[in-house]
Every structure is written in C-alpha cells, then in structure tokens.
Amino acid sequence: MKNKFVEYFSRISPLSEEEAKGIEDGMCIKTFKKGTVLLKEGQLSVDTYFILEGCIREFIVIDGEDKTTNFFTEGQWVISLNNFGPQSPASNNLICVEDTTVSVGNEKSAQEMFKRFPRFETISRAVMESFFTEQKKLLTSFLTDSPEQRYLLLLNSRPDLFQRIPQYQIASYIGVKAESLSRIRKRVLDKLK
C-alpha cells in the first residue's frame, strides 16, 4: 500500500530513492471500518487523507437531511477547505462508506517533509492545484448541468461508484430524490436502446 502513495507522487514528479523512502517513512497509515465518522460538522479539521483503499463520503446536513457533496476513492485526497487560513470549524461531515485505508497527514507533518525535502513544497502545490481544479469542476457542474447531465457525468467518469454507493446517496449527490434518480436512469437506458 505504501507504494500507491509513492507512485502517486512519482506521477507528479519523478522521485529520488531518498525522497521515495522519505515519503514511505513519513506515512501514517490507518484503517477505518465502514461507518466510521472521520469528521463532524463543527469540529476542527486538522487531518488530510489520501485514500489507499476504500471510499469516504462527504456531506452536509440541511434541515435534518444529508446532502452528499462528494465521494473520495482510491488515489484521491480528502482535504477540508477549513484547513486553510485561520482554523475554523468544519462545515461538512466525512464518513467511511466502506472499510477504508488512508495515509493521514496534517500541517505539522507536511512542514517536516518540506524542511527535509524542500522540493516537496512545489509537489504539494501541484497536488493542491489539482484538488482545487477538481472541486471547481464539480461546483460548476452542479451550478450549470441538469441532474441528468450530472448523472451521466458521474456514470462516465466514475462508474465504480454505482457498485459501491447506495442509490439514495448517488441521488443526493446529483441533487435529486431517489425516485427522481430512478426516472433519470430509465430515461438514460431508454435513450441507449
């Protein structure tokens, strides 16, 4: 599993043996059972997670109802936007949808790596740019696309989620009720015939 983390960074920028070993030695790997809450709204968020195996759902609660805002799977970062700037309570929740293994990091461990390997600061910036670009695409899709378009985008870009995530959470993610998701699925299937 450690190799997945090193491979991820190697895709961004080739690593020396010393850098790869530094990443492996600095990893804090944790496994969480399905249903484990990693963050509750209102808590201070200090950790970031890189998913080695499993799935984490991000959601907010509005008027007592869960609204799924993202799913994170293997090879993705889970980073709370509340980690940037002055510490503020989280506005979202994180829960493991499956048994999940992650590499856990925080600002302190990142700063230690930057001191040891200054080049990692540039690599870290590339990671953050990629993360923010992906978040911007998701936000733009939610603001401009119809629920059916969001469904098709998810189906085409992340088909594995449909086998891993309960349908009501997929419905919440694309912004519809479960009954509406059934109608969307039927329309999409009818168009494919």
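Analyst: Start with one term: a contact means heavy atoms within 4.5 Å. This is a predicted model, where local features need pLDDT of at least 70, side-chain atom pairs count only at pLDDT 80 or more, and totals for chains, interfaces and linings use all residues. Residues are numbered from 1 along each chain as its sequence is written, and side-chain values use heavy atoms, with hydrogens and water left out.

User: Leaving aside neighbours within four places in sequence, which residues are in contact with isoleucine 23?

Analyst: Sequence neighbours within four places are set aside here. That leaves partners from other parts of the sequence list: Phe5, Val6, Phe9, Leu15, Met113 and Phe120.

User: How many residues does the largest nonpolar core have?

Analyst: A nonpolar core is a set of buried Ala, Val, Leu, Ile, Met, Phe, Trp, Tyr and Cys residues joined through side-chain atoms within 4.5 Å. Buried means under 20% relative accessible area, exposed over 50%, and partly exposed in between (1.4 Å probe, protein chains only). Ile23 is among the residues with the most contacts inside this core, as are Tyr49 and Trp77. The core has 33 residues.

User: Which helix gives the largest share of this core?

Analyst: Helices are DSSP runs of H or I with at least four residues, strands are runs of E with at least two, and both are numbered from the N terminus. The largest share of the core is five residues, from residues 119–144. That is helix 4.

User: How many helices and strands does the protein chain have, and how compact is it?

Analyst: The chain has eight helices and eight strands. The radius of gyration is taken over C-alpha atoms, and the globule rule is 2.2 Å times the number of residues to the power 0.38. For 193 residues the rule gives 16 Å, and the chain is close to that value, so it is as compact as a globular protein of that length. Its radius of gyration is 18 Å.

User: What share of contacts in the protein chain joins residues 24 or more positions apart?

Analyst: The count takes contacts with a separation of 6 or more. Of these, the share from residues 24 or more positions apart is 73%.

User: What percentage of the residues of the protein chain counts as buried?

Analyst: The chain has 193 residues. The buried part is 40%.

User: How many salt bridges does the whole structure have?

Analyst: A salt bridge is a side-chain nitrogen of Lys or Arg within 4 Å of a carboxyl oxygen of Asp or Glu. Glu74, Glu98, Asp160 and Arg164 are linked in a network of them. The search of the whole structure finds twelve.

User: What separates lysine 21 and aspartate 25 along their helix?

Analyst: Their side chains meet in a salt bridge, 2.9 Å from N to O. Aspartate 25 is partly exposed, at 48%. Both lie in helix 2 (residues 17–26), and they are four residues apart, which means a separation of about one helical turn.

User: Which residue forms a salt bridge with glutamate 148?

Analyst: Glutamate 148 is in helix 5 (residues 147–157), and its partner is 43 residues away in helix 8 (residues 178–192). The closest N and O atoms are 2.8 Å apart, and the partner is lysine 191.

User: Is aspartate 190 exposed or partly exposed?

Analyst: Aspartate 190 forms a salt bridge with lysine 186, the closest N and O atoms being 3.1 Å apart. Lysine 186 counts as exposed, at 53%. Aspartate 190 has 36% relative accessibility, so it counts as partly exposed.

User: Over what arc do the buried residues of helix 5 lie?

Analyst: Glu148, Arg150, Tyr151 and Leu154 are buried in helix 5. The arc is that of the directions from the helix axis to the C-beta atoms. These residues are on the same side of helix 5, because the arc is only 160 degrees.

User: Where is aspartate 63?

Analyst: Its phi is near 50 degrees, a positive value in a residue other than glycine. Aspartate 63 counts as exposed, at 79%. Its place is the loop between strand 4 (55–62) and strand 5 (65–73).
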